[in-house]
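Work through the following exercises with the structure in view. Each task is followed by a solution in steps.

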Amino acid sequence: MSLSFNLDKPSGISAYQKQDSNDKDKLLVLPGAAATSTNQRHNMSISWIRQCRHYKCIVLILMLLVLLPLLAHRKLLNAEQDTPPADVHRSRPLLDAYEDFSTMRAGDLKMRIEEMLRIKSTVSVELRELESRRQKLQSDISQYNQKIEELKQELLREQTELERLKISVEQAQVAQREAVQRNTPELALPRTLLPSALPRKMNAVSTGIAAACQMHNCFDHSRCSLTSGFPVYLYDPDVHNVQRAGYDIDGFLKTTLKQTLGYNAHIVRDPKQACIYLVLVGEALLEQDLLRNNRYAAQEAEQQLQQRSTPANHATNSPIDVQKLYQLPHWGGDGRNHVLLNLARRDLNSARTNPLLQLNTMRAIIVQSSFEREQFRPNYDLIVPPILGPPGGDVWQECASMVPARRKFLLTFQGELRPALNAQSAGHPLDDFILEHLKDMSRSATQDQFLLQFQCVPATEVQDTGAQPDWTLCGSDSSRKQLLKDSTYALILPPLGQRVSSTLMTARLYEALRSGAVPVILGADELHLPYAETIDWRRATLLLPKARITELHFLLRAVQDADLLLLRRQGRLIWERYLSSVQATVDTVIASMRDRLGIPPRPVASVVAQSVFNNTFIPLKSEPPVGMDTEPEESLGPIEPPYASPAFRRNYTILRMHSKEAWNDWMDPFFLYPQLPFDPALPSEAKFMGSHTGFRPIGKGIGGAGKEFSEALGGNYPREQFTIVILTYEREQVLMDSLGRLYGLPYLHKVVVVWNSPKPPLDDLRWPDIGVPVAVVKAPRNSLNNRFLPFDVIETEAVLSVDDDAHLRHDEILFAFRVWREHRDRIVGFPGRYHAWDLSSNYMWHYNSNYSCELSMVLTGAAFVHKYYMYLYSYHLPQAIRDKVDEYMNCEDIAMNFLVSHLTRKPPVKVTSRWTFRCPGCPVSLSEDDTHFQERHKCINFFSQVFGYTPLLNTQYRADSILFKTRIPHDKQKCFKYI
């Protein structure tokens, strides 16, 4: 290459500059080509030097040597800054991307690929190891977090437990101070104090003294101490016969009386211990009549005997030999504390219904159905109805239904005055006016129907000329019963003469009450009714003087249906409990005598619990699950030692203060119960002024919510605990789970497991230790009635009846317990049901468990009841109902609801929103059977037939905690968190 420069010409400079610029570009773009063109540049430089000045050449060369490296270095720095940071794991592939593989051989390339694959696998293994380590660290972190939460929960639980222990210590200190300061004795069943000698021999008393006898001057109270239990001795009628020759006592009465008295708790065999002595003096019949068993033969034979004799007075005609009466071994000279029983049964219109008339019975008490006015000693002698019923047992079949309130006839009467009155013995003008008015009333044009017959058609009774004039009964017992079942009211006319009571009148009263016809007694102000000292007849009958006869129809129409049914219900209760059978009559006579003396009755018998384990076997224990049903931060109550409900505290006051209630409301004056659901509550200030023993007011009286509420029971009654009764049958694991959930439940006194299975529990079965005694009781047989047996191991008033598969939280149980303390006479529980009317048939009920805004029953599979009702269910509920429960293996809860509503006339109380109480996953129970509901339909209708009506009452509310859904300040707590 040859270049020539002309420095003098501009064109040459331009050519140089252009060439120089091109050379520079070549130098920058292809730096690797500089070595190949060294010679050419050298030649050019020599030529250029020759043409330029030396200083310009030097400056230009220095500039090139300095500027070119700086520019190159700057460009490289900018390129590095613009490039993003590369991943470490991807750095090698990125470097490899710039590598030129075209010059590599196949073997090298294969080795390179294998190396890259090994690197990749190694990196993948490392990544997996790192991921597993990350997951393990996360798992450890979660476990540690869970342990932290558990420790926090445990800390809260321990803090709550510590608070409960502090409260328990305070409660124990209060109980200790109360025990030290108590100034009244603990009342319990007293020791029986009995006399140890026979009655002393006293002088006989005259007829005048005997006629003035009262309890204060003719009765020996020293033989009847308050703690004696009222012992009664019966003279054996087969050994001590007080009848005249030719007479004897009805064999039915003798046998039945001895049997029924054998069941009575007051009977004693030792006459030295007796308070009173019973002497059976009648009904006395002729021996030939007893052999022939002819009802009218006795009257005919007696008339013949009277015709052959010429009696001077009634005493010589009496079948009673008064001398035999005086010779009784324990008569004591004056007959004090002796009770002469003359019980009419067959001859209701005979003079023998009052065989003791004009006899000097001295200080003996007379019990019979017919009394003359001058003979009867009020509050001393006792009027009883005749024995017209069976020996005992269920009598509900004899009764009619109580509804409808209005029956076919408004008023009925059937009777004939016998013996007929003659001119010398004409009746009172008022009596004649009464008969005429009644006849006119029956013939009057009115929408009310009357059946008033004053002559028997046909005649059914043989006239007894020796009897007092009285209204005899017409027709047979069945015909009279049918008429009375169609009668709203039954008219009872008083006996004529100077009698305060007659056997026929009390027989009419008996039959009217039996059939549900409300008795209307004219001339009641001149009469004395049976057991008038204790029975309030105004609640079961209409008592009118004779002068009200003209207003009778108006009064009968003025009675409303509710009052009419109330009269009918009360009359049936009186008939069933006191008049219906020999057993009822005998028990009522003894109870009436005991009530006069103010002696408490005998305690009711509890069922002795027999453990399923023998004395040597010790069941295995297991630790219960903790904290299953409670929130750790919610304290529900203090931990207390077992505290049984005080028993028999009112045994000397209840029948003195509440005798009328016991006889007319509770309908059970025959036994003394440990506690009653009707016990009164003290005034509010009494809990702080002298009667504080046992009370635990909220906040010591200040009140409060949350913490203060959980520390004490509060309420209107002293502190108490409750017993849980669980009925189970061969579901051991379900039972163990249910028991375990009871651990730590406040106010729990004991758990009674009724083992209904004939097979004993397995020996290796582990029973959870829940902190309170667990009594496993062997049931006498497999029966749902065993749920309500009053076992002696139940020592509290409150009883929580639950099924073995019931699943209830602690707060739910305690809330129900607090509600029950305010409704002690009612069933308080969770699952509500109701009885629905069958519109298709219009005469029967259906059991319904659907969701409803009304309920009438609370199932006892999860409900509180008072132990008093367990006694009544087992001893007083008609046997037919318990038999039906056994037949269906169902309906015991319905029967208990019927019983409680029947006695209280109140509906049950449902608590909380819970509608069911079964635990999830439990084995199938009896209630899951297809026939379960059909049987319960039948049960309701059958029970209504037995009771005579349906006592269930509807309610439209449930009980929730006071502060439930109430907005409160943040620094306050509610009574319960979830209730």
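**Exercise 1.** Determine how the lining of the second largest cavity divides by residue class, and which residues form that lining.

*Solution.* Step 1. In this predicted model, the lining of the second largest cavity consists of seven nonpolar, two polar and two charged residues. Step 2. The residues concerned are Ile724, Ile726, Ser738, Arg741, Leu742, Val802, Asp803, Ala806, His807, Leu808 and Ile813. Step 3. Two elements each give two or more residues to this lining, namely strand S18 (722-728) and strand S22 (798-803). Step 4.

**Exercise 2.** State how many cavities of 30 Å³ or more the structure holds, and describe the largest cavity.

*Solution.* Step 1. Ten cavities of 30 Å³ or more are found in the structure. Step 2. For the largest cavity, the volume is about 140 Å³. Step 3. The lining of the largest cavity comprises 13 residues, and those closest to its centre are Phe413, Gln414, Leu484, Arg508 and Glu511. Step 4. Strand S9 (409-414), helix H14 (477-485), strand S13 (487-492) and helix H15 (503-515) are the elements that supply two or more residues to the lining. Step 5. Sorted by class, the lining of the largest cavity contains eight nonpolar, two polar and three charged residues.

**Exercise 3.** Where in the chain does Asn354 lie, is Asn354 buried or exposed, and with which side chains does the side chain of Asn354 make polar contacts?

*Solution.* Step 1. Asn354 belongs to the loop that runs between strand S5 (338-342) and strand S6 (365-368). Step 2. The relative accessible area of Asn354 is 5%. A residue counts as buried under 20%, and Asn354 is therefore buried. Step 3. Step 4. Another polar contact, at 2.8 Å, links the side chain of Asn354 with the side chain of Gln375.

**Exercise 4.** Describe the chain as a whole: its helices and strands, its buried share, its contacts and its accessible surface.

*Solution.* Step 1. The chain contains 27 helices and 29 strands. Step 2. It has 979 residues, of which 48% count as buried. Step 3. Among contacts with a separation of 6 or more, 81% are made by residues 24 or more positions apart. Step 4. The accessible surface of the chain is about 49,800 Å², and carbon and sulfur atoms account for 55% of that surface.

Terms used
Residues are numbered from 1 along each chain as its sequence is written. This is a predicted model: local features need pLDDT of at least 70, side-chain atom pairs count only at pLDDT 80 or more; totals for chains, interfaces and linings use all residues. Side-chain values use heavy atoms; hydrogens and water are left out. Helices (H or I, at least four residues) and strands (E, at least two) are DSSP runs, numbered from the N terminus. Buried means under 20% relative accessible area, exposed over 50%, partly exposed in between (1.4 Å probe, protein chains only). Contact means heavy atoms within 4.5 Å. Accessible areas come from the Shrake-Rupley method with a 1.4 Å probe; for residues, only the protein chains shown count as cover. A polar contact is a pair of N or O atoms within 3.5 Å; within protein, one must be able to donate a hydrogen and the other to accept it, and residues adjacent in sequence count only if both atoms are side-chain atoms. On a 1 Å grid over the protein atoms alone, a cavity is a set of points where a 1.4 Å probe fits but cannot get out, and a pocket is an open set with protein on both sides within 12 Å along at least five of seven lines; lining residues have an atom within 4 Å of a point. Grid points are joined across faces, edges and corners, and a volume is the space filled by probe spheres set on the points. Ala, Val, Leu, Ile, Met, Phe, Trp, Tyr, Cys and Pro count as nonpolar, Asp, Glu, Lys and Arg as charged, and the others, Gly among them, as polar.
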